[in-house]
Amino acid sequence: MRAIFIAAVYAVLASAASAQVSFERIVQADKEPGNWLTYSRNYQGHRFSPLAEINATNVGNLKVKWAFQSSHPSNEVSPIVVDGVMYVTGPNAAAALDTRTGRTLWIWRRPVPSDYHNIGFGRVNRGPAILDDKLYVTTLDCYLVALDLKSGTQLWATKVGDYRLGYSMTVAPLAIDGKIVLGVSGGEAGIRGFVDAYDAKTGKQAWRFWTIPGPGEPGHETWSGESWKTGGGSTWVTGVYDPDLKLVYWGVGNPGPDWNGDVRPGDNLYTCSLLALDADTGRLRWYFQFSPHETHDWDAAHVPILVDAKINGRDRKLIVNANRNAFYYVLDRTTGEFLAGRAYAKQTWARGLDAKGRPMVVPDTEPNEKGALVYPNLNGATVWFSPSYSPQTGLFYVAVREIGSVYFKRDAEYKPGTFYAGGGEDELPMDDAWGAIRALDPTSGEMRWEFKLHSPPWAGVLSTAGGLVFSGSDEGNFYALDARTGKPLWDFQTGGGINANPISFNVDGHQRIAISANEVLYVLGL
Amino acid sequence: MPEGWFFSEEDIANVAAYVRSLGKVPSDPLPGDPARGAAVYGKSGCAGCHIVAGAGSGFGPDLSEVGDRRSAAYLRRTVLKPSASLPEGFLFVKVVTATGQTIEGIRANEDTFSIQIKDASGRFHSLRKQELKDLQKLRGQSPMPAYEGALDAVAIDDLVAYLAAQRAQE
C-alpha cells in the first residue's frame, strides 16, 4: 500500500515537471489562479493573486507549512510555481522544489568567476522565468542560462555582457511570445545600458535597445562629448508586457556617474525613463523621462503596472508607476502621454510636476562638496521591490521609504570595471526614518490609507482576492493587512530581514503564501 | 561621511585592515588616580547598572573594556551628563500596558509590531505595540544619573581615570 502511495505521488510530480508552459498560458494567467507563471503573476505587473481561501477572517490562523534554506543571504527571489513545482533562484543558482514539502527536486549552480566584482549592489537574484519546457535564469557574470525544467540541466548559456566592464545581472527575465527579455545591472560602473531579447529556443539575440543613444540617434544630443559611452542607464528590474499592443515596458536606471552630473550636461536620455519597446523588433515606440539629468541615484527601475480605467470620462489604457524619485505617475500606455502625477512620499527636490510631467526642480538640491540634505535618500521613496494592484479593491499598493540623506559630490574618473559614482550619501539616522505601506488611487496617486512601518522597507507587496495585502519589514515581520483599510490582521517574525516579493499559489487546492526572509524561503497556509 | 556600501569585498578587507592598524584609543595622561577612582565607582552605585571585569549588573552598557572604545574626554562628558552622549541606537522608553502598568527601561529591540524593553531590574518585557495604551520614546534621555555636582572635581578625575584604565588584557 505504501509503495503504491509513493508511486502515486511521484507520478504527480513527474507529470507536473513535464508540463509545458506556453505563452498563451501566461497571457491567460488568471485562468490558473493556483499557479504563478511570471515574475508579477501576470503580464500587467499586478502581483495580485485571484486566490481567496485565505481571507480577513481566517488569516490569523496562517502557519508555516515548510521552509527552504537557500544559503543565499538577503535573497530577493520571487519564485515561479507551476503545477506542484516551485522554481527558485539565487546568485548563479536555481532549484526546483516540491510545493507540498519544500524538498528539492533538482539544484543547478554555476560558479561565480573569482575576478567578478559586484559594483553597487548585492550578490542576489530576483527570480526565474518559464516558457514551454525551459527555465530561464540570469547570472552575476552576465549570462542568460536556459535550464531543462525536468532536470535542471543547462541547455545553453548566452553571454549578455562583459562582467569585467561592470555588466551584471540580478533581474528576473520576462518570457513573452518566443522571446526572453532582460536587462542589466552596472549603473554604478559606467556601463552603457540596454534591454535585450533572446530567442527562447536557441538563446540567439533577437534584438537590443541601447538605453543611451549612439551618435546620430535621436536623444544622443542630450549627452556631452564621450559621456554617453559611460552613461549608465541600467535596466535591472523586470518590466511588463501588453500582449494586445505587443509592447514591452521597461524602466531605465540612473545616469553615470551617479552624483556628479558635471561631465554629462543635458537630460541624459533615456536614463531614469520608462521605455515602450516593440516586442518584435525592440524599436522604441515612446519614452517618458521621470528625472531628467538625475544626480541622486533615483533609477526608474521599477515594475510598472498596466491598468485600464476611466480618466475624465474616457476609457484609457494606462501605465502607472510609483517612482524612486517620490512621485507617482499616470501615463497613457499607447502613446506615453502624461496624464497625472503627484508626490506619494516626502520629497524636497521638486516643487511638483509641470503639465507634461517634468519635475520643477528646487535649486541647490544637487549633491555638492559640503553635502546637500534631500528627501528621499538614494534608495528612493520606493525601489526595486514590487508594488501591487488589486482589481478587487481598485487600489495600487506600494511599500514606501521615508528617509532623507546628505548627498555629496566627488570627482569621478572612469576606469573600466570599477565604481564610477562621483560621490555618495550619508543617510539620516534610522530613528528619524520610517516606512509605510500606502494604498493609492491608481488614476491620481491620492492616498487612500497608510500602514506605518518601524523602518524603511525592502520588501514588495502582494494583494489577493481574499481582500488581503501581504508584505515584509526590514526587521523580519511578515504581515497581512486588510486591503480596503490597511488594518493589520496577522504578523509573523521570520527572524531575517525581508528583501523579497511575496507570491501566492495552491497546493492540492489549498492556498499558500511564499516569502523569502534573508536566506530562508517560508511557505505558509491555513 | 558617505556610506561605504559600494566597496568591493577586497576594498572592505583592505580598509578594515588599515583601520585596525590605527590601533585602539591611545591612553591620555590623566589627572586622576585609577585606584581612588575604583572606590568612587564602588561608592557611587555604578555597579548597580554596569559590569566591570565580570562584576556588577547588566542593565547599562558593559564597561569592562570601555577605555579601548572611548576617550577620556568622552567618558568625562558621559559621567557629568549622560544624556549628552548617548550610544548609537540607545533609546530609553516608557510604556503603559493595556492593564495600566507603566514600564520604563532601555529598548532592547523593536520591530513594526513588537517592542522588547529591559527594565532597571534587568527583566525583559515583550510587548505588542498595538496593545499598548501609550508608548513614549524618550529620545535624548538616559536612566543614568548625572554626576555633575554630585561628585567633586577630584572624584570625577579619579572616576574617569579608572574607567579609562578599563582595557582588554593584552
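Helices (H or I, at least four residues) and strands (E, at least two) are DSSP runs, numbered from the N terminus. By that numbering, Asp508(A) sits in the loop between strand 36 (503–507) and strand 37 (510–517) of chain A.

This is a predicted model, in which local features need pLDDT of at least 70, side-chain atom pairs count only at pLDDT 80 or more, and totals for chains, interfaces and linings use all residues. Residues are numbered from 1 along each chain as its sequence is written, chains are lettered from A and ligands numbered from 1 in the order in which they are written, and side-chain values use heavy atoms, with hydrogens and water left out.

**Confidence**

pLDDT is the predictor's confidence in each residue, from 0 to 100. Chain A has a mean pLDDT of 95. In that chain, 96% of residues reach 70 or more. Residues 1–18 of chain A stay under 50. Where pLDDT is low, the predicted coordinates should not be read in detail.

**Backbone**

Asp508(A) is not a glycine, yet its phi is positive. Lys246(A) lies in the loop between strand 15 (240–242) and strand 16 of chain A.

| Residue | Phi |
|---|---|
| Asp508(A) | near 50° |

Buried means under 20% relative accessible area, exposed over 50%, and partly exposed in between (1.4 Å probe, protein chains only). Lys246(A) has 41% relative accessibility, so it counts as partly exposed. Asp508(A) has 54%, so it counts as exposed.

The bond from Gly256(A) to Pro257(A) is cis, with omega near -5°. Pro257(A) is in the loop between strand 16 (247–251) and strand 17 (273–278) of chain A. Tyr375(A) and Pro376(A) are also joined by a cis bond, with omega about -5°. Pro376(A) is in the loop between strand 25 (372–374) and strand 26 (388–390) of chain A.

**Core**

A nonpolar core is a set of buried Ala, Val, Leu, Ile, Met, Phe, Trp, Tyr and Cys residues joined through side-chain atoms within 4.5 Å. The largest has 54 residues. Among those with the most contacts inside it are Tyr87(A), Leu135(A) and Val160(A). Contact means heavy atoms within 4.5 Å. Not counting residues up to four places away in sequence, Tyr87(A) touches several residues, including Trp106(A), Leu135(A) and Leu149(A). A second, separate core of 47 residues includes Leu274(A), Ala276(A), Trp286(A) and Ala483(A).
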